[in-house]
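Student: I've got a new model to look at and could use a guided tour. Can we go through it bit by bit?

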Amino acid sequence: MSDDDIDEHRFQQAFAAVDPEPLLLLQILIEDPIETTVHDLAFYYTEAVEENPSRGPYLASVLVKVANSPDAPTFPSDTVSSCLNRALADQHFKTFYGDSRVKEYGPKNTYLLESLLSGLSFKYDLTSTSDMLGTLCDGLDTPHGSSDSPEVSVIGTCIQLLIHGSEVTERAAGSSYHMSPEEIASKLKAHKAAGIVKDPHALQVLDLTISLAETGFQPENDREDVWDLLFPPKA
């Protein structure tokens, strides 16, 4: 087994733990301090979130501790934090899935999982890109969005807004994707009236997003449990 294979296996094991230990992830980076290792960290974080989306917020918080640790290795002209930022920026809504892309609405839908990961990156300040902001507009301007169906596009936007709407709208304000909470509420109401969203749990999430938009997306109202709202765990 090569050193790369060993690192990958260790990342998988670390993220699969009930309580992933930041020190263990950090140790892998210290022992193999190259940018490729940071890209592997981002990849296996993404894989772990997709495997169990309900753990996404916790896993993102672990990633932040690793990236911001004073013991994190540095590179000739870079840091773990900036490398991780770029690695995630290159993943969100840019990965080519081919035949493995899941288009059917449900907890395995590729676009919804991408939206969750993007929302977590906004929330935990892991990365922010124009592609991420653009998908928000896709959901607001659907049916002209770029995802698999109008319902998926709308709910993808709701996921990101519920996780950290205050940060999302603030970042958008300084870009060509400017959107005010009032505009968001108006467009989402129009989608509801048009019957674009049909799944009962998705409708509840849409209503909640509209409600939080109408009150200006206050940080204290962030909902990291959005995935469980959409797809309630089976008893």
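This is a predicted model: local features need pLDDT of at least 70, side-chain atom pairs count only at pLDDT 80 or more; totals for chains, interfaces and linings use all residues.

Student: OK, so is Asp78 buried or exposed?

Tutor: Asp78 counts as buried, because its relative accessibility is 18%.

Student: Where does Asp78 lie?

Tutor: In strand 2, residues 78–79. Helices (H or I, at least four residues) and strands (E, at least two) are DSSP runs, numbered from the N terminus.

Student: And what does Asp78 touch?

Tutor: Leaving out residues up to four places away in sequence, Asp78 touches Glu35, Cys83 and Arg86. Contact here means heavy atoms within 4.5 Å. Glu35 is 43 residues from Asp78 along the chain, and their C-alpha atoms are separated by 9.1 Å.

Student: You mentioned Cys83. Buried or exposed?

Tutor: Cys83 counts as buried, at 1% relative accessibility. Cys137 is buried as well, with a relative accessible area of 17%.

Student: How many disulfides, then?

Tutor: The count comes to zero disulfides, where a disulfide is a pair of cysteine sulfur atoms within 2.5 Å.

Student: Let's zoom out. How many helices and strands does the protein have?

Tutor: It has 11 helices and two strands. Along the sequence the pattern reads α-α-α-α-β-β-α-α-α-α-α-α-α.

Student: What share of the residues count as buried?

Tutor: 50% of the protein's 235 residues. Looking at contacts between residues at least 6 apart in sequence, 72% join residues at least 24 apart.

Student: Give me a residue with that sort of contact. What about Ala48?

Tutor: Ala48 sits in helix 3, residues 35–51, and is buried, with a relative accessible area of 12%. Not counting residues up to four places away in sequence, Ala48 touches Phe15 and Leu59. Phe15 is 33 residues from Ala48 along the chain, with 6.2 Å between the C-alpha atoms.

Student: And Ser115, which helix is that in?

Tutor: Helix 6, residues 110–123. Ser115 counts as buried, since its relative accessibility is 0%. Setting aside residues up to four places away in sequence, Ser115 touches Phe93, Gly156, Ile159 and Gln160. As for Cys158, it is 43 residues from Ser115 in sequence and 8.8 Å away in space, C-alpha to C-alpha.

Student: How do helix 6 and helix 7 cross?

Tutor: Their axes come within 11 Å and cross at roughly 125°, with helix 7 covering residues 130–141. That makes helix 6 oblique to helix 7. Axes are lines fitted to C-alpha atoms, for helices over the stretch in contact, and angles run from 0 to 180 degrees between N-to-C directions. Under 35 degrees counts as roughly parallel, over 145 as roughly antiparallel, 65 to 115 as roughly perpendicular, and the rest as oblique.

Student: Which residues meet there?

Tutor: Tyr111, Ser118, Ser121 and Phe122 in helix 6 meet Met132, Leu133, Thr135 and Asp138 in helix 7.

Student: What about the loop between helix 6 and helix 7?

Tutor: Asp125 lies in that loop. Its phi is near 55°, a positive value in a residue other than glycine, and Asp125 counts as exposed at 53% relative accessibility.

Student: Where is Phe217, and is it buried or exposed?

Tutor: Phe217 is in the loop between helix 10 and helix 11 (226–230). Phe217 counts as buried, at 3% relative accessibility. Its phi is near 50°, again a positive value in a residue other than glycine.

Student: Last one: how do helix 9 and helix 10 cross?

Tutor: The axes of helix 9 (residues 181–193) and helix 10 (residues 200–214) come within 8 Å and cross at roughly 155°. The two helices are therefore roughly antiparallel to each other. Residues of helix 9 in the contact include Ile184 and Leu188, and those of helix 10 include Leu206 and Ile210.

Conventions. Residues are numbered from 1 along each chain as its sequence is written. Side-chain values use heavy atoms; hydrogens and water are left out. Buried means under 20% relative accessible area, exposed over 50%, partly exposed in between (1.4 Å probe, protein chains only).
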